[in-house]
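These are notes for a colleague who is opening this entry for the first time. Please read them with the sequence and the model side by side.

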Amino acid sequence: MKLNALVTLASAAVLSAGMAVAEPVKVGMITTLSGGGAGLGVAIRDGFMLALKQSGTTDVEVVVEDDQQKPDVAVQLADKMIQSDKVDILTGIVWSNLAMAVAPAATAQGKIYLSPNAGPSALAGKGCHPYYFNVAWQNDNLHEAAGAYANSAGLKNSFILAPNYPAGHDALAGYKRMYKGDLAGELLTKLGQTDYASELAQIRASGADSVFFFLPGGMGISFLKQYADSGIGLPLVGPAFSFDQDILQAVGDAALGVHNTSQWNKDLDNPANAAFVAAFLAEYGRLPSLYASQGYDTANLLLSAMAKADISDKDAFLAALRAADFDSVRGKFSFGPNQHPIQDIYVRQVVKEGDIYTNKLVGVALEDHSDVYAAECEM
């Protein structure tokens, strides 16, 4: 399967009964396929494509492009996809600053945006839109769960840090919303930063009893390795993004034992998840990540809407998306009034199974959790 090409996938037995599609649905996938964040975008793409392949549908066409983690490139690609490729739906973006550059403009032009990852607060509250759906989480959610876990673990004085971009601000806001202890310090780091010597010195001098951090992709790999080498030794707490399946292999022993929060894990006990994990491993030769699970669910949401409505009937198609009538790999899943998920969020712990670093579920942090911004949404 070539990138930057039109990908057409074969016809779906699962949708053969009652399929309402009269014409193909064209999807524009803009995601990060190069640079330090490439693993995240590759996982989203692979999960999405696996779901389509399993369905066997010939009614979905996908154009895949690399945004290079640059907002201006993402905007250019979205313009091309909307104006030249004539896509019906956009998806794929990993990073919240890119989502903020693309999603509002796309929905203003009548295009549906299905987010498989980024969930900035600005698009969940007053900036919500009938054509915008988040299939992952609102940015604050996993960090809120981390704050709830910190309380249950008896942590009283956390030092917190995240990158200085929309998801980083949402991360710190989410943790503080649930966390009941004191803050030993709070830092916004540079997006893409890889040297954390200054931050580690501040943590060491802060008197903290724990560290909460949100540093996705290569940022998290760098921080965790440097943290382990520093000998600071305070408990780490974070969201799944810094302890994801693909990232853990690069981090190694430095991540062992760390608790993190996620709406999904490979050992979630439901038939859809068991089938997904086995199929992903067979298809790609590696265990799926959180990002892959979100790409997979996004594709299956799309397929579920296509089974009920034609894309040309926009109102009916949007209603079919809102119904979320598909078997999510995370188990319970529904949309709130702002078209962001209502779902359980779990606590995981990093372990080693043979030669593979991975996560195991150890508890539930928040049940049937939505987001605080839904009350501001006036759809």
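1. Asp368 is partly exposed, since its relative accessible area is 44%, where buried means under 20% relative accessible area, exposed means over 50% and partly exposed lies in between (1.4 Å probe, protein chains only). Asp368 belongs to strand S14, residues 356-369, and has a positive phi of about 45 degrees although it is not a glycine.

2. A word on the basis of these remarks: this is a predicted model, in which local features need pLDDT of at least 70 and side-chain atom pairs count only at pLDDT 80 or more, while totals for chains, interfaces and linings use all residues. Residues are numbered from 1 along each chain as its sequence is written, and side-chain values use heavy atoms, with hydrogens and water left out.

3. Ala324 also has a positive phi, near 45 degrees, in a residue other than glycine. Ala324 sits in the loop between helix H11 (314-323) and strand S12, and with a relative accessible area of 7% it is buried. Helices (H or I, at least four residues) and strands (E, at least two) are DSSP runs, numbered from the N terminus.

4. Leaving out residues up to four places away in sequence, Ser328 touches Asn270, Ala272, Asp297 and Phe333, where contact means heavy atoms within 4.5 Å.

5. Asp327 is placed in the loop between H11 and S12, and at 65% relative accessibility it counts as exposed. Apart from its neighbours within four places in sequence, Asp327 is in contact with Ala272 and Asp297. The C-alpha atoms of Asp327 and Leu301 are separated by 8.7 Å, although these residues are 26 apart along the chain.

6. His340 lies in the loop between strand S12 (334-335) and strand S13 (341-353), and its relative accessibility of 1% makes it count as buried. A polar atom of the His340 side chain lies 3.0 Å from the backbone oxygen of Asn338. Residues up to four places away in sequence aside, the residues that His340 touches include Leu123, Ala124, Tyr132, Asn134, Gln138 and Asp371.

7. Turning to the whole chain, the protein has 11 helices and 14 strands. Its radius of gyration is 20 Å, close to the 21 Å that the globule rule gives for 379 residues, so the chain is as compact as a globular protein of that length; the radius is taken over C-alpha atoms, and the rule is 2.2 Å times the number of residues to the power 0.38. Along its principal axes, the C-alpha trace spans about 65 × 45 × 35 Å.

8. Of the 379 residues of the protein chain, 59% count as buried. Among the contacts in the chain with a separation of 6 or more, 72% are accounted for by residues 24 or more positions apart.

Terms used:
Polar contact = N/O pair within 3.5 Å; in protein donor to acceptor, adjacent residues only side chain to side chain.
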